[in-house]
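Biologist: I am new to this structure and would like to learn how to read it. Could we take it feature by feature?

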Amino acid sequence: MSTILETEAATAPAAATAHREGVLFEHSRKGRRGYQLPPLDVPEKNVLPASLLRVEIADELEVSEVGVIRHFTRLSKLNLSIDAGMYPLGSCSMKHNPRLNEEIARTPGFALSHPLQPDHQVQGNLELLWNLEQALKEIMGLPRVTLQPVAGAHGELTGILMIHKALAKSGNARKYILIPDSAHGTNPASAAFAGYEIKELKSNSRGMVDADTLAAAVTEDVAALMITVPNTLGVFESEIQKFAAILHAKGAYLYCDGANLNSFVGIARPGDMGIDVIHSNLHKTFSTPHGGGGPGAGPVGVSESLIPYLPPPTVERREDGTFYLDDQHPDSIGRVRAFNGNFGVMVRALTYIRSMGPQGLRRIAQLAVLNANYIRARLKGAYHLPYDAATLHEVVFSDKIQTAKDVHTLDIAKRLMDYGFHPPTIYFPLIVSGALMIEPTESEPKEELDAFCEAMLAIARECEERPELVRTAPHTTPVRRLDEARAARQPILRWKRP
Amino acid sequence: MTPEDSRYAKSHEYVHLDKEVGTIGITEYAQKELGDVVFVELPQVGTQLEAGDELGSIESVKAVSELFCPVSGEVIEVNEALADKPELVNTDPYGDGWMVRIKVSDATEVDELMSAEEYEEYTQTESH
Amino acid sequence: MSNLPDPLQDGHRYIPNAAEDITEMLGVIGVDSVDALFESIPAAVKLDRLLDLPGPWSEIESRQWFRKLAARNVTAVDHLSFLGAGAYAHYQPACVDQLLLRGEFLTSYTPYQPEVSQGTLQSIFEYQTHQCLLTGLDVANASLYDGSTALCEAVLLAERVVKNRTRVVVAKSMHPHYTATLRTYLQNLGVDIVEVAWGADGRIDMEALRTACDEGVFAVAVQSPNFLGVLEDYDAVAAIAGQIGAIKIAVITEATSLGIVTPPGAHDFDICVGEGQAWGIPTQYGGPNVGFMVVREALKRHMPGRLVGETVDVDGRRAFVLTLATREQHIRRGKATSNICTNEALIALAANIYLSLMGKEGLRDVAVHSLQKAAYLRGKLAEIESVTLPFAGPVYNEFVVRTPLPAKAILADLEQQKILGGIPLGPFYPSQSNDFLVAVTELHSREQLDQYATALSAAIARGTR
């Protein structure tokens, strides 16, 4: 338990032992080498005209392999990670990243395959992709899934473009996409890039979309509702089937942001709810590592009527059991990226789906929801719960109790770092003032959840007794609070020789 | 604290009228609400604006707000100093932190804005 | 419900909490079953069965199945490969992947909390610096999905900056997948793509470019080396595009070329985008890759994606942080510069480590080897009667080969000799069904190049017999 931090150590300046590693460019020394190539065994000739020749790459590095390994190892130690402990970012599903996935993805037969090889040379890849699509179809309850999009937002753009194309085909692409005020920022951004205007739907007092509000908003100009299920409060939209009926009656589509699929995988299926399009983040529900921000993959499942608009290529199986890439889709929205999607991420995801099996996939949702509700039960009272509807895999508190002592969500988040935890998602969803959005995932054992709750409770006490300690946190991290205004006013976005 | 010689819009811009030239910026209340201002985007000199048009935008570290032009007219000067020192909006909103000067085409629009007293009352109700 | 497993019964190696924990936790929550936590999901949509999927598999079973699949692929593992066309096999030093596997990098999230993410943030800052040095431009972002979507973002940026124009000129020698992706991105935005053909030497036809560049054009995008492997004349393109005030966009799919070819920033280009895969990233069937974007200073506030900047903490220590975030979707939502959120951070880290190890000399060496070996092979192939190299423009490490036979037949013959001999152009340009692209890198030895020339010669002989 991290009670040490209530002692004087917590107010000391940041740990003197924290290693401050300079920017690598500052370690460059003329003549140092980090690589070796075999001797050039062909005669060297003047090949390029002088006008195309680069004289030198000014200021590029000269460092040794030792220097590079030390540098990046030291940098790595300045990060918190899921390997080191709970990383409870809401709506991010920071779960364990199995190492078998990494090993399988590095199998040379996969890793060295080239994206433009003819189908007969990559039957292994194609069979893998075909199997992944089958698995996602079964999980989503939808008849086709494109594996092309490489991130959630990329999937959103793909899905909305398909809706646009389908509606245009029937005579009117329409003007608006409806998006609840609790939505993630990528939703409106993707809809805008797909050519739509956004109409925001106000959440009701329970943090949900109201069927009546929706019915009033769905006009002949509305192309789709983009909704996150369960929503960003962790609340399942229990009227989801009604939403689908309202939209379908007006010829509009129901788009689901599948960021929170982790909470109901194997329990219920989007297709069975009347959802027409859903993107799923393989880097959330399906355990592929976030890698400090990416790569991800955002496959998109669609209902029958949208299949003609899928981006190429799709993977198809012939009757003889061989596979091929099909890019002949005359009504398709077109390619969303060069080549064949984030294949390496897909290898990891299918490895995970096989490791879990149907029982395991269901268990993900069960334990993720159990863990989140355990935290909710333990912290309720100490922190304000702005909406008390039942929640699934995440719980959103606010800083309402703590603001009385002029301590805010940001301070609480920073103080958690002193207890060794990465903070939850903060100030999101926007409908909660001072939101603290906690998603533990199924990966956390009870003792880690307890340690987290003890830390949160200790901070709640500190807010009462020693608010200044919380307001000035963190105290023990490699660096303390940053001057973000300075970074934005006079941006320094690259190293330059002094 | 709110200067008596200026008029105020509900979107928190002020206009200080000197003959036909209106100097526009944001209020003390607005700069406090925004926090550290890091960037101000302003129109080009010569731009014709109607009252209520978007004048530009103002950014803090984690928020961006649109600026609205409270009066109609032509932009005759913009505060170039804000490009390097956006913090002037925080430190001196009614002085060095001004944003644009406009040749006001209809002075009656200025009269329709709030007085200092009315604006202070307005901000008190808004912050509750 | 009867045939569904009881969560108290079976544990899983990736999910720590088991029977004892679950019972205790349910007690604290105050419900008597895990199912009770799911009451908000209507019964009508709840599954009354398990998903119909194989598994759960042990590591042993998974390894067997996946390795069998991998073995079914015919790849550079045991074939001599000359495949390129936007994905290149270069040398990756051993320590790159070892460092990527450090959990602190691999299993961390986007560095939104800078106090506990300095490793990732500083690495991105260094990556941005490499991009600037290599391209000769001023401001680089933290990464985009890949080269093709980076082109889309560049065109969208240009469209925002140059107001009231609706056309973008794109060289026909742009990677066809890139142009196709651009078409997808632009389809509802009221922007038209005008393609400009290449001339006899494989470079963009300057007359055609001049004709295409009128007052309605907001950007000109060219790839160099282009899809035919030929290096474009940046100055000539920049001069024409400059006359109409269009944004000049350079696209690079073979990033190692920057080690020896003069960079776009030195030729008055405004934006350089491209694909960083060639920096030692395995081709892995096309992804994950890493798209890069570097722009002139004046365009930095229009940049899509994340940017890391330097600042100080409250104690005055240097530190790094995500900055200029108001451009992004989580703040500006529907008016953001892009919808991108998740990017390719880990691949950008791989590129950063690669670029650091190779450094100034290594980047040049890799480029010199690739260039010289390609020139050597060109010389060898030119000696073969009936082989022509149709484009005379300068090339870096990739070039078009033409034989009297369909490229597909030649390549099938080479495959029999365990050579992946190139990428046929027919699927991209139907009139060029006898042409294929051959890519050479520092991985090829002279002996292998000779072997290729001999095999190609024999394949042609067999085919024409």
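Biologist: Which elements do the buried residues of α7(C) pack against?

Modeller: First, a caution: this is a predicted model. The buried residues of α7(C) pack against α5 (152–169) of chain A, and also against α6 (147–161), β3 (167–171), β4 (192–196) and β6 (247–252) of chain C.

Biologist: How many residues of helix α7 of chain C are buried?

Modeller: Start from the general idea. An α-helix has 3.6 residues a turn, so residues three or four places apart point the same way. Now the case here. Helix α7 of chain C covers residues 176–186, and nine of its eleven residues are buried, so the helix is mostly covered, where buried means 20 or more other C-beta atoms within 10 Å. The buried residues are C:H177, C:Y178, C:T179, C:A180, C:T181, C:L182, C:T184, C:Y185 and C:L186.

Biologist: How many residues does each side give to the contact of chain C with chain A?

Modeller: Chain C gives 162 residues and chain A gives 173. On the side of chain C that touches chain A, the largest share is from helix α11 (residues 345–382) of chain C, with 21 residues. By class, that side of chain C has 83 nonpolar, 51 polar and 28 charged residues.

Biologist: And how many residues make up the contact of chain C with chain B?

Modeller: Four residues come from chain C and four residues from chain B. On the side of chain C that touches chain B, two are nonpolar, one is polar and one is charged.

Biologist: Which residues touch the most other members of the largest nonpolar core?

Modeller: They are C:A221 and C:I249, in a core of 351 residues. Helix α11(C) gives the most to this core, with 21 residues. To read such a residue, list its contacts and set aside its neighbours in sequence. With neighbours within four places left out, C:I249 is in contact with C:A154, C:V155, C:A158, C:A219, C:V220, C:A221, C:I271 and C:V273.

Biologist: Now strands. Which strand does β11(C) join, and in what sense do the two run, parallel or antiparallel?

Modeller: Strand β11(C) is joined by five bridges to strand β14 (residues 435–439) of chain C, and the two run antiparallel. One residue pair shows how to follow the pairing: C:V400 has C:L437 in β14(C) as its bridge partner. Strand β11 of chain C, residues 398–402, is mostly covered, with four of its five residues buried.

Biologist: What is the strand order in the open sheet of chain A?

Modeller: The order is β10-β12-β11, three strands with antiparallel pairing. To find the edges, look for strands that pair on one side only; here they are β10 (395–398) and β11 (425–426) of chain A. Two bridges link β11(A) to strand β12 (residues 435–438) of chain A. In that strand, A:M437 stands opposite A:T425.

Biologist: Why does the radius of gyration of chain A agree with a compact globule?

Modeller: The idea is to compare a chain with what its length would give. A compact globule of 498 residues would have a radius of gyration near 23 Å, and chain A has 25 Å, so the two agree. The C-alpha trace of chain A spans about 75 × 70 × 45 Å along its principal axes. Chain A has 13 helices and twelve strands, and 59% of its residues count as buried.

Biologist: How many helices and strands are in chain C?

Modeller: Chain C has 13 helices and 14 strands. Of its 465 residues, 63% count as buried.

Terms used:
Residues numbered from 1 in each chain as written. Chains lettered and ligands numbered in written order. Predicted model: local features only at pLDDT ≥ 70, side-chain atom pairs only at ≥ 80, totals over all residues. Contact = placed C-beta atoms within 7 Å. Nonpolar A, V, L, I, M, F, W, Y, C, P; charged D, E, K, R; others polar. Buried ≥ 20, exposed ≤ 12 C-beta atoms within 10 Å, placed from the backbone. Pairing = 2+ DSSP bridges. Core = buried A, V, L, I, M, F, W, Y, C linked by C-beta atoms within 7 Å. Rg over C-alpha atoms; globule rule 2.2 N^0.38 Å.
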